Amino acid sequence: GGSRGGMPRELVTVQVGQCGNQIGCRFWDVALREHAAMNKSGVYDEALSSFFRNETSTTKGSRQLPVGSQISSLRARAVLIDSEEGVLNATLKGPLGQLFDSRHIISDQ
């Protein structure tokens with residue numbers, strides 16, 4: 001949630017099935033492109049924090065970086081669900097695969 005006393009600013013998408021995951025990937029592609037066009041400084045800002053976590057790798061795993069820091073590694077605030085692993089594997093191996101946290105992927109297999 002936000003520290004401003006209002007509604008939380010973070011959004012989480014839930015992508016379900018082949019169509020939902022394909023539309024979701026297109027959404028993330030557009031979100032990244034639009035933000036890149038508006039934010040030339042490479043700083044993790046409020047707009048980005050609504051849709052993405054900014055993480056850095058440490059020896060103990062990853063650590064979330066605060067708003068105002070340089071962009072290190074963005075992770076989509078998303079849960080991907082599909083009964084078939086094929087669609088999810090294709091997403092993870094695709095050009096946006098690094099955006100998704102494997103702990104947030106749910107499949108029957």
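Glu 55 and Arg 53 are both buried, where buried denotes under 20% relative accessible area, exposed over 50%, and partly exposed the range in between, with a 1.4 Å probe and protein chains only. The model is predicted, so local features need pLDDT of at least 70 and side-chain atom pairs count only at pLDDT 80 or more, whereas totals for chains, interfaces and linings use all residues. Residues are numbered from 1 along each chain as its sequence is written, and side-chain values use heavy atoms, with hydrogens and water left out.

A salt bridge is assigned when a side-chain nitrogen of Lys or Arg lies within 4 Å of a carboxyl oxygen of Asp or Glu. Under this criterion, six salt bridges are counted. Glu 55 takes part in one with Arg 53, for which the closest N and O atoms are 2.9 Å apart. Glu 55 also forms a salt bridge with Arg 75, with a separation of 3.6 Å between the closest N and O atoms. This second pair links distant parts of the chain, 20 residues apart: Glu 55 belongs to strand E2 (residues 52-58) and Arg 75 to strand E4 (residues 73-76). Helices (H or I, at least four residues) and strands (E, at least two) are DSSP runs, numbered from the N terminus. The relative accessibility of Glu 55 is 10%, so Glu 55 counts as buried; Arg 75 is likewise buried, with a relative accessible area of 18%. A network of salt bridges links Arg 53, Glu 55, Arg 75, Asp 101 and Arg 103.

A further salt bridge joins Asp 29 to Arg 26, the closest N and O atoms being 2.7 Å apart. Asp 29 and Arg 26 are separated by about one helical turn, because they lie three residues apart in helix H1. Asp 29 counts as buried, at 16% relative accessibility.

Three strands form an open sheet with parallel pairing, in the order E1-E5-E6; two strands are taken as paired if DSSP finds at least two bridges between them. Strand E1 (13-16) and strand E6 (105-107) stand at the edges and each has a single partner strand, so one side of each is left without a neighbour in the sheet. On average, neighbouring strands of this sheet are turned by 15 degrees against each other, direction ignored. Axes are lines fitted to C-alpha atoms, for helices over the stretch in contact, and angles run from 0 to 180 degrees between N-to-C directions.

Strand E1 runs parallel to strand E5 (residues 78-82), and four bridges join the two. Val 14 stands opposite Val 79 in E5. Helix H1 (residues 17-38) packs on the sheet and touches E1 and E5, its direction making about 140 degrees with that of E1; contact means heavy atoms within 4.5 Å.
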